Amino acid sequence: MIRSIGGGVRLARQTWTTVAVVLALVGSRELSAQGTLSTQGLGFPPGQLSTQALSMGGSLGESDAFSPLNPASIGLLTSAIVFMQSEPEFRNVTIGGVAQRSSVARFPLFLGSMPLGTRWAVGLSASTLLDRTWQTTTRDSQFVGSDTVFATVQNRSDGSITDVRLAASYATTSWLRIGIAGHAYSGRDVLTRLRVFDDTTSFINDSIQTTVGLGGNAVSFGLQTVWPKVGAVGVSYRIGGTLRTYNGDSVLTAATVPDHFGVSLVYLGITGATLAVRAAHDGWSNTSGLSPDLSIHEAWDFGLGADVTGPKFGGAPVGLRAGMRWRTLPYSPFPSAVTERAASIGAGFPMARGRVELHMGLVRAWRSTTDASENSWTLSTGFAVRP
């Protein structure tokens with residue numbers, strides 16, 4: 001009987017390897033296999049927004065120097081600066097009345113910028129385009145001959161696509177800046193499937209791990225206008241280049257990096273306050289070439305928010321922020337899209353006479369699609385230092 005079961009395990013190993021490759025490439029179409037609604041397909045898009053912009057519902061995106069969306073906006077930084085950000089998220093998914101909890105720790109943004117004279121500025125950033133990190137544990141059984149073999153199956157995905165951007169900004173006049181940036185995309189997805197048998201004396205635990213790499217490129221353009229005490233407008237447009245998946249050095253599939261277009265309108269006419277609205281569109285259907293089985297949706301992203309001067313902290317005023325956001329996620333387990341609504345609050349603390357900035361934000365998100373829903377809490381922390 002042990003030999004028969006061993007043969008069954010070897011056959012299952014071959015099957016699981018095939019399944020692992022497919023899952024690593026396209027993501028599971030079954031929601032229950034991932035235990036998450038937001039990280040379907042190639043993953044979840046954090047939005048490439050800084051803590052400040054995220055706290056304002058994303059409304060500041062194209063006019064925010066810390067958000068790597070508009071290359072022209074880095075010209076707003078008048079001194080050398082380094083910015084980094086962390087964003088742990090705590091999710092609760094409900095499928096058919098059954099709830100599952102999960103969490104993920106993200107470090108979605110790093111940026112460094114430096115002015116070159118009075119007109120030029122350059123910046124280098126690394127931000128998360130898509131995050132595909134999840135883990136689930138389920139019970140399973142197999143029939144081997146006349147016996148039933150029980151086991152616990154753990155599926156885990158550890159993957160992301162990073163957007164590395166080199167940007168330059170040039171001030172044509174005192175109120176207009178233009179920018180251009182080159183993007184290099186790199187990432188990988190490590191998918192692990194572990195089967196632990198209840199009867200460890202007769203069966204050996206089985207583990208399969210598959211790694212798929214991704215690489216691509218794009219170019220983006222932007223403009224930034226600022227009229228002090230009146231308002232500002234930021235516009236960005238990214239043209240996607242080739243996006244490929246790799247198994248070692250072999251190209252598996254090819255598609256295109258999603259195009260992006262976004263506009264932020266900022267009102268500065270109220271003393272001590274900043275009001276902003278934003279609309280952006282991402283062409284996620286460009287990634288369809290990676291697999292015909294992906295359920296892809298073009299994504300609109302709308303946001304509005306405010307930043308007002310609050311009480312002083314250490315002799316400097318604190319910025320108090322709040323916002324709302326509505327968007328469509330690019331991938332879903334069903335034909336209908338996953339929609340997201342989010343409310344956010346935050347604060348900015350200047351320190352060390354303006355040489356250090358601490359930004360904190362809290363986001364509550366509600367996501368839903370056919371027969372499933374997900375809500376989450378995200379704590380975003382951004383830290384900026386001027387050397």
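**Salt bridges and buried residues**

Guide: Arginine 91 and glutamate 89 meet through their side chains in a salt bridge, at 3.8 Å from N to O, and the model in which they do so is a predicted one.

Visitor: What makes the contact of arginine 91 and glutamate 89 a salt bridge?

Guide: The term asks for a side-chain nitrogen of Lys or Arg within 4 Å of a carboxyl oxygen of Asp or Glu. Arginine 91 and glutamate 89 are at 3.8 Å, N to O, so the pair meets that cut-off. By this rule the count comes to 14 salt bridges, and Glu89 and Arg91 belong to a network of them that also links Arg106, Asp131, Arg327, Glu340, Arg367 and Glu374.

Visitor: How do you know that glutamate 62 and arginine 278 form a salt bridge?

Guide: Their closest N and O atoms are 2.6 Å apart, and the limit is 4 Å, so the name applies to this pair. Glutamate 62 sits in the loop between helix 3 (51-55) and strand 1 (81-86), whereas arginine 278 is in strand 13 (residues 273-282), so the pair ties together parts that are 216 residues apart in sequence.

Visitor: Why is glutamate 62 called buried?

Guide: A residue is called buried when its relative accessible area is under 20%; glutamate 62 has 0%, and therefore it counts as buried.

Visitor: What about arginine 278: why is that residue called buried?

Guide: Arginine 278 has a relative accessibility of 6%, which is again under 20%, so arginine 278 counts as buried. Arginine 278 also meets aspartate 301 in a salt bridge, with 3.6 Å from N to O. Aspartate 301 is buried, as is arginine 278.

Visitor: How many helices and strands does the whole protein chain have, and what share of its residues counts as buried?

Guide: The protein chain has three helices and 18 strands, and 49% of its 387 residues count as buried.

Technical notes
Residues are numbered from 1 along each chain as its sequence is written. This is a predicted model: local features need pLDDT of at least 70, side-chain atom pairs count only at pLDDT 80 or more; totals for chains, interfaces and linings use all residues. Side-chain values use heavy atoms; hydrogens and water are left out. Helices (H or I, at least four residues) and strands (E, at least two) are DSSP runs, numbered from the N terminus. Buried means under 20% relative accessible area, exposed over 50%, partly exposed in between (1.4 Å probe, protein chains only).
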